Amino acid sequence: MAATMRSLVPDAPPESGLLGRVQYWFACFFALGWSAVVCAGLYHQLGRGEIPCPLCVVQRMFMLLAALGAAYIIRAALISGTVTGRAYMTGWGMSLVAAIGGSFTSWRQTMLYVLPGNKEGGEVLGLHLYHWAWILFQLSVVAIGVVLAFAHATADRAVLAVRPGPLRTAGMCALWFLGMVIAVSMLAVFLQEGFHWYLPDGPNRYRFFYDVGILG
């Protein structure tokens, strides 16, 4: 009778092991990394007065979408303690679409300023921000392909992120940091666009303050 009762109780999923922890940590660093890249763009905008053009704003949107894909996987691990194959495909699929879309957008901006002496925006280590964006998007495509290739080995296995510890702390930090970056980015775009349907091609002011009469 006892043996029969034990057979009716579902077994706990086996631990994901080292590979599963690596996959989870990569999702945390992926979300934190793209959030930090958007923060760098916000620094150039708010700290150095470089108001982004519409293509720059679209690239930030793709960056945040890529981070949200990783956040989907983190959330699954934090809530249920396991990441299913479906969650991996949904999360990393979202990130892959965002990385491809961001690659095209940053490539498009690069082509607009490809001629010698035709430059726009700040530079980091000799490359413009849209150059770095293209490089990072391309690296993300490769990285996502690698983790997807190993996702079958870690799907439906326990990720010890539901109880206090480093895994849960890292996941919560990644989600909260991403949420704050999204909120600040939305506010920055709203102030730049104001009560208009479109962003100007050559932005030089925050139109919201002119729309409400604070400046003008």
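Colleague: Helix 4 and helix 5: roughly parallel or roughly antiparallel to each other?

Modeller: Roughly antiparallel, in this predicted model.

Colleague: At what angle do the axes of helix 4 and helix 5 cross?

Modeller: Roughly 155°, and the axes come within 8 Å. Axes are lines fitted to C-alpha atoms over the stretch in contact, with angles from 0 to 180 degrees between N-to-C directions. Helices are DSSP runs (H or I, at least four residues) numbered from the N terminus.

Colleague: Now helix 3. How do the axes of helix 3 and helix 4 cross?

Modeller: At roughly 165°, and the axes come within 8 Å. Helix 4 covers residues 85–112. That angle makes helix 3 roughly antiparallel to helix 4. The contact of helix 3 with helix 4 has 17 nonpolar residues, 10 polar ones and 1 charged one.

Colleague: And in which hand does helix 3 pass helix 4?

Modeller: Helix 3 passes helix 4 in a left-handed crossing.

Colleague: At what angle do helix 3 and helix 5 pack?

Modeller: About 30°, with their axes 12 Å apart. That makes helix 3 roughly parallel to helix 5. Helix 3 is residues 54–80 and helix 5 is residues 129–149.

Colleague: Which residues in helix 3 and helix 5 meet?

Modeller: Gln59, Phe62 and Met63 in helix 3 meet Tyr130, Ala133 and Phe137 in helix 5, where contact means heavy atoms within 4.5 Å. By class, the residues of this contact are 5 nonpolar, 1 polar and no charged. Helix 3 passes helix 5 in a left-handed crossing.

Colleague: How are residues numbered, and what pLDDT do local features need?

Modeller: Numbering starts from 1 along each chain as its sequence is written, and side-chain values use heavy atoms, leaving out hydrogens and water. Local features need pLDDT of at least 70 and side-chain atom pairs 80 or more, while totals for chains, interfaces and linings use all residues.

Terms used. Helices (H or I, at least four residues) and strands (E, at least two) are DSSP runs, numbered from the N terminus. Angles under 35 degrees count as roughly parallel, over 145 as roughly antiparallel, 65 to 115 as roughly perpendicular and the rest as oblique. A crossing is left-handed if the near helix is turned anticlockwise from the far one by less than a right angle, and right-handed if clockwise. Ala, Val, Leu, Ile, Met, Phe, Trp, Tyr, Cys and Pro count as nonpolar, Asp, Glu, Lys and Arg as charged, and the others, Gly among them, as polar.
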